[in-house]
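Please open the model in your viewer and keep the selection panel at hand.

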Amino acid sequence: MQTLFTPRRGTIVGDARLAGQEEGFKEGFREGFREGRAAGKAEQLLHLMERRGFSLTEETRQRITTCTDAPLLDLWFDRAIDATTLDEIFARPSATDRVPAQSPEHTAVPSQEPRNPGPSAT
């Protein structure tokens, strides 16, 4: 028979272990949420591409469904609205795209235009 360890509240070790379990649960939940959002975006992108009449290979479907980068999926979706070829959709992000450069697939640096602070009060 296996005895399970149940951490006790009110003890240093028990409270630390419970806090760690809770943090692990929260991080796991966040990761699952991000993956779920990306999967939903991928599904919508595939639907749009099919409706637009693109011929999708298994490789293209795999590329879309395995992508976990939500901003990149958003970029591909935006491009798919007007694109006439798959190359237009999957072209590398450029400095003018609305995608932050935070993933390995992003190679362009977003433009850093100076903000106009408006009229000064001098």
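Begin by selecting Lys 41, which, leaving aside its neighbours within four places in sequence, is in contact with Ala 70, Leu 73 and Asp 74, contact meaning heavy atoms within 4.5 Å. This is a predicted model, in which local features need pLDDT of at least 70 and side-chain atom pairs count only at pLDDT 80 or more, whereas totals for chains, interfaces and linings use all residues. Residues are numbered from 1 along each chain as its sequence is written, and side-chain values use heavy atoms, with hydrogens and water left out.

Lys 41 is found in helix α1; helices are DSSP runs (H or I, at least four residues), numbered from the N terminus. Show side chains here, and that of Lys 41 makes a polar contact with the side chain of Asp 74 at 2.7 Å (a pair of N or O atoms within 3.5 Å, where within protein one must be able to donate a hydrogen and the other to accept it, and residues adjacent in sequence count only if both atoms are side-chain atoms).

Next, select Leu 45, Met 49, Ile 64, Leu 73, Trp 76 and Ile 89, the residues with the most contacts inside the largest nonpolar core, which has 18 residues. Such a core is a set of buried Ala, Val, Leu, Ile, Met, Phe, Trp, Tyr and Cys residues joined through side-chain atoms within 4.5 Å, buried meaning under 20% relative accessible area (1.4 Å probe, protein chains only). Helices α1 (12–51), α3 (70–82) and α4 (86–90) each supply at least two residues of this core, and the largest share, six residues, comes from α1.

Note on methods:
Buried < 20%, exposed > 50% of the residue type's maximum accessible area, 1.4 Å probe, protein only.
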